[in-house]
Amino acid sequence: QVHLVESGGGLVQPGGSLRLSCAASRISVRLNAFGWYRQAPGTQRELVASIQGNGARNYAEPVKGRFTISKDDAKNTVYLQMNSLKPEDTAVYYCTPLGRNYWGQGTQVTVSS
């Protein structure tokens, strides 16, 4: 059974930074594309960043230039570095292998003064 554990969320002031981690089990980060999604209350889950097995990256427009997705194949972990955070970034963040419908419990990110 694929297992995904997200961590690193928390409460941060506008302009601050957080680094999210997603530890994957029973699925290879090296061989699969992974994405970070987020879901704010009352909204649909949206893809904010993705990374291919070969390291190619894509970002949603609202986070371009502020968020960076990366991975460590040896640790089988995917990361999301979030800088210059805004209140509208507040959401539960999830990582998932793209197209595979496996989800972790998510990690809450709250940006507020």
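**Starting from one residue**

A: Let's start with L18, which is found in strand β3 (residues 18-25). Keep in mind that this is a predicted model.

Q: Is L18 buried or exposed?
A: L18 is buried. Its relative accessible area is 15%.

Q: Which residues does L18 touch?
A: Leaving out residues up to four places away in sequence, L18 touches G8, G9, G10, V12, L80, Q81, M82, L85 and V109.

Q: How far apart are L18 and Q81?
A: In sequence, 63 residues. In space, the two C-alpha atoms are 6.1 Å apart.

Q: What about S21, where does that lie?
A: S21 lies in strand β3. At 18% relative accessibility, S21 counts as buried. The cut-off for buried is under 20%.

Q: And what is S21 in contact with?
A: Setting aside neighbours within four places in sequence, S21 is in contact with V5, E6, S7, W36, T77, V78 and Y79.

Q: Which residue is the bridge partner of S21 in β8?
A: That is Y79.

Q: How many bridges are there between β3 and β8?
A: Six bridges, and the two strands pair in the antiparallel sense.

Q: Is β8 mostly covered or mostly open?
A: Mostly covered. Five of the six residues in β8 are buried.

Q: OK, zoom out. What sheet do these strands belong to, and in what order?
A: An open sheet of four strands, in the order β1-β3-β8-β7. The pairing is antiparallel.

Q: Which strands stand at the edges?
A: β1 (3-7) and β7 (67-72). Each has a single partner strand, so one side of each is left without a neighbour in the sheet.

Q: What is the twist?
A: The twist averages 15° from one strand to the next.

Q: Back to β7. How many bridges join β7 to β8?
A: Six bridges join β7 to β8 (residues 77-82), and the two strands run antiparallel. Within that pairing, K71 stands opposite V78. D72 has T77 as its bridge partner in β8.

Q: What do β7 and β8 form, and what is in the turn?
A: They form a hairpin with four residues between the strands. N76 is in the turn, with a positive phi of about 55°.

Q: New topic: aromatics. How many aromatic pairs are there?
A: A search of the whole structure finds two aromatic pairs. Y37 and W103 form an edge-to-face pair. Their centres are 5.2 Å apart, with 75° between the planes.

Q: What does the pair of Y37 and W103 tie together?
A: Y37 lies in strand β4 (residues 34-39), and W103 lies in the loop between β9 (91-97) and β10 (107-111), so the pair ties together parts that are 66 residues apart in sequence.

Q: And how are the rings of Y94 and W103 placed?
A: The ring centres of Y94 and W103 are 6.2 Å apart and the planes are at 90°, so this pair is edge-to-face. Y37, Y94 and W103 form one aromatic cluster.

Q: Now the whole chain. How many helices and strands?
A: Zero helices and ten strands. Along the sequence, the pattern is β-β-β-β-β-β-β-β-β-β.

Q: Why call the chain as compact as a globular protein of that length?
A: The radius of gyration is 13 Å, close to the 13 Å that the globule rule gives for 113 residues, so the chain is as compact as a globular protein of that length.

Q: What size of box do the C-alpha atoms fill?
A: Roughly 40 × 25 × 20 Å, taken along the principal axes.

Q: How much of the chain is buried?
A: Buried residues make up 42% of the 113 residues. The accessible surface comes to about 5900 Å². Of that surface, 45% belongs to carbon and sulfur atoms.

Q: Last one. What share of the contacts comes from residues 24 or more positions apart?
A: 52% of the contacts in the chain with a separation of 6 or more.

Notes. Residues numbered from 1 in each chain as written. Predicted model: local features only at pLDDT ≥ 70, side-chain atom pairs only at ≥ 80, totals over all residues. Heavy atoms only, no water. Pairing = 2+ DSSP bridges. Axes fitted to C-alpha atoms, helices over the stretch in contact; angles between N-to-C directions. Rg over C-alpha atoms; globule rule 2.2 N^0.38 Å. Buried < 20%, exposed > 50% of the residue type's maximum accessible area, 1.4 Å probe, protein only. Contact = heavy atoms within 4.5 Å. Areas by Shrake-Rupley, 256 points an atom, 1.4 Å probe, with all protein chains shown as cover. Phe/Tyr/Trp six-rings, centres within 6.5 Å; stacked < 30°, edge-to-face > 60°.
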